[in-house]
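Look at the structure first, then read on.

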Amino acid sequence: MEVTGKVKIEAPKCGPNEVYDAGTDKCIQQNQPVNPGNASNPPGKPPIDQVGSATSVEPPRPTILTANASDVETDEGGQLIPFQQIVIVNDSMSKDIQSTKSTIQALTDIVENLGAEVIYSYDSALAGFAFKAPNQQVTDNIVAALSLDRRVKFIEQDKTVVPFSEQIPTGLQRIDADGLYSVTKIGSFSADVDIAIIDSGIDLDNPDLNVYSNISMMIPQVSQPNIDDSSSIVNKNIDLNKLGLDNFTVGDNTTSFDPPFTSESSTSGDDTCGHGTHVAGIAAAKANSRGVVGIAPDARLWAIKTLDYDKSRGICQGSISSTIAAIEYVTTLKDKIEIVNLSLGCKCNSTALDDAISRAVRSNITIVVAAGNINSDASKFSPANHKDVIAVSAITDLDGKCGGLNKPKWIKAGQSSGLYDDDTFSRFSNYGKVVDIAAPGVMINSTDMNGSYSLGNGTSMAAPHVTGAAALYKILHPASTPTDIRNALVRDGIQSSVVCDGDRHGYFNKDPDHIFEPLLYLDDLVKELKQKFDNVPASQHSKP
């Protein structure tokens, strides 16, 4: 049975005079006794978890989620990662979190005994784990065993995710945010808010960024990831030799290091691609009279690394499993982190990632994502197609004003390079009903590696404009929910009916789908912030 491009396991078709026996997972003669669903386990099947006791109502068999041709897009992520699977546990069978953890441990023991290595364990954003096997035979054996285990809800193959940008300060002007920094009294304004940048890390030495904490979800060649905070998400004891990934054993061959594995030995959240640093600057570069300024200047940044530069392929990429691990980490810090930026994704669907995001949002974490960059319907892209995120498309703005310049400008943007008209929907940007809001995403100046600055294009650059705006709204309205924040930004955005006033207040042109998502506009938010800080002594503008 096809379900949104995924295949659900059903009972096999039996021959004449045969019936299906759920207890043995076989067809038997009709006159033979049928095992009840709560009978003893068939040979070779792991015992049912004693903590989450079986009931008279038998839970459904696990679902194996596999990609069909429409799920796979190598240029925009979504490439299937060999021998790597995400397993989600049926936590409804467990009576509490400890029961769930016991179930996860029991299942991971089975996986490792069958020849694979568990690389991530999840029990906050969702319940489950991800594993890597050395070859297809071991993978098939494990999937076959787990598909019989009713403690398993579903299994899906891991996929690659990529940053949504092409590397190449009018954005602040176009959304009318620069007025915030024209007031002397708040010239040194620091946003008292925490933003997680789930990306390629952040340049930890960049003087223009307030990196409060950093962690890597990548799995390095030698030492283990930076989990000094006692996080148990990343397995600390992965046997790379068992997987055939030990470079010192296989002659320094790095071609088999698919994400989240990396041939680097670094264990920090330091940026290796430059993408995360650029995103971070748009959202939160300091207002320090240096370089650029972000939408929520000097906000506390959490660098959570899930993308890495692959030297052998010359690309920056990560995986669904590492992205889930990052969301898992953020969810454990729900009392500290308010806003998350995800300028990454893939042309794919992932039920596991959807579940993780849903739980994070229910934990009152606002998640902003890039819509994607192939001028296609964003409903085909994860996580942009998730109903609870704020999905952001990109516009081209070349002068910080509405209305458009007379002459187009050549923009170097990878496969989307060409002449771009000013104040129009960006030719690369994804679109569709799942998009909530638009923001500038072309020729955006921001922080780069080694304290430098560069221009960037993509919905990756549009999203952190909205992330910064969400952070400012959270400062003004601490009790606001993710839904409150999304509704407020959409409500205050510039609607398609607004005619350009000759300055900054006006809609853009050439929206290809005629759905007309609003354009991010911060005039009301800036006025509210000004009013707040005009009445507060400078010493109280932010926490020390």
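Which polar side-chain atom lies 3.5 Å from the backbone nitrogen of lysine 401? The atom belongs to the side chain of aspartate 397. This is a predicted model: local features need pLDDT of at least 70, side-chain atom pairs count only at pLDDT 80 or more, and totals for chains, interfaces and linings use all residues. Residues are numbered from 1 along each chain as its sequence is written, and side-chain values use heavy atoms, with hydrogens and water left out.

**The loop residue**

Aspartate 397 sits in the loop between β19 (390–396) and β20 (409–411). Strands here are DSSP runs of E, at least two residues, numbered from the N terminus. Aspartate 397 has a relative accessible area of 1%, so it counts as buried (under 20% relative accessible area, 1.4 Å probe, protein chains only). A polar atom of its side chain also lies 2.7 Å from the backbone nitrogen of glycine 400.

**Strand β9**

Now turn to β9, residues 152–163. Of its 12 residues, 10 are buried. Strands pair if DSSP finds at least two bridges between them.

| Partner strand | Bridges to β9 | Direction | Residues standing opposite |
|---|---|---|---|
| β6 (residues 80–89) | six | antiparallel | valine 89 and valine 152 |
| β15 (residues 315–319) | two | antiparallel | glycine 318 and valine 161 |
| β17 (residues 344–345) | two | antiparallel | leucine 344 and proline 163 |

So what covers the picture of β9? Strand β9 is mostly covered, and β6 runs antiparallel to it.

Terms used. Helix = DSSP H or I, 4+ residues; strand = E, 2+ residues; numbered from the N terminus. Buried < 20%, exposed > 50% of the residue type's maximum accessible area, 1.4 Å probe, protein only. Polar contact = N/O pair within 3.5 Å; in protein donor to acceptor, adjacent residues only side chain to side chain.
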